[in-house]
Amino acid sequence: MDDDLPAPPSAPERVPTRRRVLVLGAVGASAVVSIRPALAQSTGSVLNCEIPVPDPGHAGGYIDAEGKIVPSGTKGAFPASSRPFKGEEVKRALADGSSLPGVDSERSRAYVNYIRRLQRGQGGFTCFASLQMPRA
């Protein structure tokens, strides 16, 4: 009884035409052209982002040698940085152990330890997290 039903039409072959291949190639090329500047821009913005030490939520606190925020005036701890550090400055200090600009090596180590301890929600965390992302 099923023999009385017409056979479904066969699916057309999916061989791309020359025109279709050219269109797909053009779309892919424009994607590459638009993505590369975006990557370059994001890399630039990561290096120019800022990390305050300490973050504004802990203004007035000092930073001890381990990078913890302690009450102001704590012996052996350092007052807040006079300015936020750029991502590029922090990246260099993390990579080769050089000092952050404008501070001695002991204070720089404390500030870098503070930056390493940053957690979500603290000022500068997004910048620091971006520095940790591998770049292609």
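The count of disulfides in this predicted model comes to one, a disulfide being a pair of cysteine sulfur atoms within 2.5 Å. The model is predicted, so local features need pLDDT of at least 70 and side-chain atom pairs count only at pLDDT 80 or more, whereas totals for chains, interfaces and linings use all residues. Residues are numbered from 1 along each chain as its sequence is written, and side-chain values use heavy atoms, with hydrogens and water left out.

## The disulfide

A disulfide is a covalent bond between the sulfur atoms of two cysteines. Here the partners are Cys49 and Cys127, whose sulfur atoms are 1.8 Å apart. The torsion about their S-S bond is about 65°, so the disulfide is right-handed. The pair links distant parts of the chain, 78 residues apart: Cys49 lies in the loop between H1 and E1, and Cys127 in helix H4 (residues 125-132). Helices (H or I, at least four residues) and strands (E, at least two) are DSSP runs, numbered from the N terminus.

The loop that holds Cys49 runs between helix H1 (18-48) and strand E1 (50-51). Besides Cys127, Cys49 touches Phe85, Lys86 and Gly87, not counting residues up to four places away in sequence; contact means heavy atoms within 4.5 Å. The C-alpha atoms of Cys49 and Gly87 are separated by 5.2 Å, although the two residues are 38 apart along the chain.

Buried means under 20% relative accessible area, exposed over 50%, and partly exposed in between (1.4 Å probe, protein chains only).

| Residue | Relative accessible area | Class |
|---|---|---|
| Cys49 | 18% | buried |
| Cys127 | 7% | buried |
| Glu89 | 16% | buried |
| Ser108 | 2% | buried |

Glu89 belongs to helix H2 (residues 87-96). Its side chain makes a polar contact with the side chain of Arg83 at 3.0 Å. A polar contact is a pair of N or O atoms within 3.5 Å; within protein, one must be able to donate a hydrogen and the other to accept it, and residues adjacent in sequence count only if both atoms are side-chain atoms. Leaving aside neighbours within four places in sequence, Glu89 is in contact with Leu100 and Pro101 as well as Arg83.

The buried residues of H2 are Gly87, Glu89, Val90 and Ala93. They cover an arc of only 160° around the axis, which puts them on the same side of H2; the arc is that of the directions from the helix axis to the C-beta atoms. An α-helix has 3.6 residues a turn, so residues three or four places apart point the same way. On the other side of H2, Ala95 and Asp96 are exposed.

Just after H2, Gly97 takes a positive phi of about 75°. Another backbone feature is the cis peptide bond from Val53 to Pro54, with omega near -10°. Most residues other than glycine have a negative phi, and most peptide bonds are trans. Pro54 is found in the loop between E1 and strand E2 (62-63).

## The nonpolar core

A nonpolar core is a set of buried Ala, Val, Leu, Ile, Met, Phe, Trp, Tyr and Cys residues joined through side-chain atoms within 4.5 Å. The largest such core has 20 residues, of which Ile51, Val53, Val90, Leu100, Tyr111, Ile115 and Leu118 touch the most other members. The elements that give two or more residues to this core are H2, helix H3 (105-116) and H4. H3 gives the most, with five residues.

Not counting residues up to four places away in sequence, Val53 touches Ile63, Ala80, Ser81, Phe85, Tyr111, Tyr114 and Ile115. Helix H3 also holds Ser108.

## Overall organisation

The secondary structure comes to four helices and four strands, and read along the sequence the protein follows the pattern α-β-β-β-β-α-α-α. Of its 136 residues, 26% count as buried. Residues 24 or more positions apart account for 59% of the contacts with a separation of 6 or more. The accessible surface comes to about 9,700 Å², of which 56% belongs to carbon and sulfur atoms; accessible areas come from the Shrake-Rupley method with a 1.4 Å probe, and for residues only the protein chains shown count as cover.
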